[in-house]
Amino acid sequence: MITEHAPLDVGDLTTTFVSRRRRTPVVRGVSFTLARGQTMMLLGESGSGKSVTARSILRLYGSSADIGGTVRMNGVELLSLPESEMRSLRGGQVALVPQDPTGALDPLRRIGSQLTEVLAVHGVERVTSAARRRAEELLAMVGIPDPKRVAASYPHELSGGMRQRAVIAIAVSCDPQVLIADEPTTALDVTVQAQILELIAELQARMGTAVLMVTHDVGVAADFGGRIGVMYAGRLVEEGPAKEVLSDPKHPYTEGLLDSLPRPDVERGALRSIVGSPPGVGEFPAGCAFAPRCPRALPSCHREDPPLVPVAPDRSAACPVVNSGEAVT
Ligand SMILES: Nc1ncnc2c1ncn2[C@@H]1O[C@H](COP(=O)(O)OP(=O)(O)OP(=O)(O)O)[C@@H](O)[C@H]1O
């Protein structure tokens, strides 16, 4: 029997930054699975560990972080892969669209040559006229109206939105099975943001790519759909279909987060902020990290960190109040 592996299966992922003086845990036991063509949005406030989770999957921290747990891509464990194999996997089977397209492009090289190089490195096309044609096709595919001109341009000659389209063209050039997008629209004008999200969704539908997207923007999460994983203090506290999580949050943190943010997708009264502030980097309290701010914390929440467990069909949360069936209203 042939078992189909998930494009991405993350189990109990932990990331601890290490320096000569200290060890700083940042990601603490994150698990999720992405099926083919599926989206997972990592949603949470700044500092909750979303980007570190995404970048740990790609092993982008080198020796500055200890990464534990498992990261399987199509059944292959990435955390024990030699760095040389990891390098060929990045940009091939798994590609990153970062927040800032400017930093992702080489300022001294034309867009077309950056694209053909990626195609050559990953053995898709040698740098020939066929590769140049392919580069232009890719630029056209990401909605660039004049691909010949853009291929001959340097990054500084393009607008932010066009640069991000070019970065996306490079990211999808080798037909990745997993696309990791780390706040891909934050650095762009509001008018361009929706277009870039639409483009990612369109490419995903066309190519069957699984997408892991990091965002702190509930509007982006609502628009994109798929599944949402809500992060707080380095942990996933809630996970489920985006629509359900956003309309009927189970975890008190998700509820507080949604109440505190302007939501273009729902009409509501005044915003309410969550009392207190999140723990400092690596300074997690005993028990549930949200307990000191939680209006529903039980005495046990200050001692035991609840695991993420099923709370409804296809949904899970890390909260004993939800798990015990008590309504979170
Ligand atoms: N290279 C690093 N070394 C040490 N600490 C780091 C490093 N990168 C990130 N951190 C810390 O890890 C924590 C989580 O950062 P992360 O970037 O994942 O947050 P985030 O949820 O993505 O929020 P943001 O939207 O602000 O990026 C932060 O407190 C950050 O200071």
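These are my notebook entries on a few things I looked up in this structure.

**Entry 1: what I have**

I'm working from a predicted model, so I keep that in mind throughout.

**Entry 2: domains**

I started with how the protein is divided. I found domain 1, made of 8-93 + 174-323, and domain 2, covering 102-173. Their C-alpha centres lie 30 Å apart. I then looked up where the two touch: 17 residues of domain 1 are in contact with 13 residues of domain 2. On the domain 1 side, helix α8 (residues 190-207) gives the most, with seven residues. I also sorted that side by class and got twelve nonpolar, three polar and two charged residues.

**Entry 3: helix α7**

Next I went to α7, residues 160-172. It has 13 residues and reaches 18 Å from its first C-alpha to its last, close to the 18 Å expected at 1.5 Å a residue. Is α7 mostly covered or mostly open? Mostly covered: twelve of its 13 residues are buried. I jotted down the names, and they run through Gly161, Met162, Arg163, Gln164, Arg165, Ala166, Val167, Ile168, Ala169, Ile170, Ala171 and Val172.

**Entry 4: strand β3**

Then I picked β3, residues 39-43, where five of five residues are buried. I checked its two faces separately. Thr39, Met41 and Leu43 sit on one side, Met40 and Leu42 on the other, and both faces are covered.

Which strands does β3 pair with? One is β8 (residues 210-215), in the parallel sense over five bridges. Another is β9 (residues 227-232), also in the parallel sense, over four bridges.

**Entry 5: around the ligand**

Last, I looked at the ligand's surroundings. There are 15 residues around the ligand, and Phe17, Ser46, Lys50, Ser51 and Val52 come nearest. Which elements supply at least two residues of this shell? I found β2 (23-34) and α1 (50-57). The largest share, three residues, comes from α1. By class, I noted five nonpolar, nine polar and one charged residue in the shell.

**Entry 6: recap for myself**

How values were computed
Residues are numbered from 1 along each chain as its sequence is written. This is a predicted model: local features need pLDDT of at least 70, side-chain atom pairs count only at pLDDT 80 or more; totals for chains, interfaces and linings use all residues. The expected span of a helix is 1.5 Å times one less than its number of residues. A residue is buried if 20 or more other C-beta atoms lie within 10 Å of its own, exposed if 12 or fewer, and partly exposed in between; C-beta atoms are placed from the backbone. A residue is near a molecule or strand if its C-beta atom, placed from the backbone, lies within 6 Å of it. Ala, Val, Leu, Ile, Met, Phe, Trp, Tyr, Cys and Pro count as nonpolar, Asp, Glu, Lys and Arg as charged, and the others, Gly among them, as polar. Domain bounds come from an automatic or database domain assignment. Two residues are in contact if their C-beta atoms, placed from the backbone, lie within 7 Å. Two strands pair if DSSP finds at least two bridges between them.
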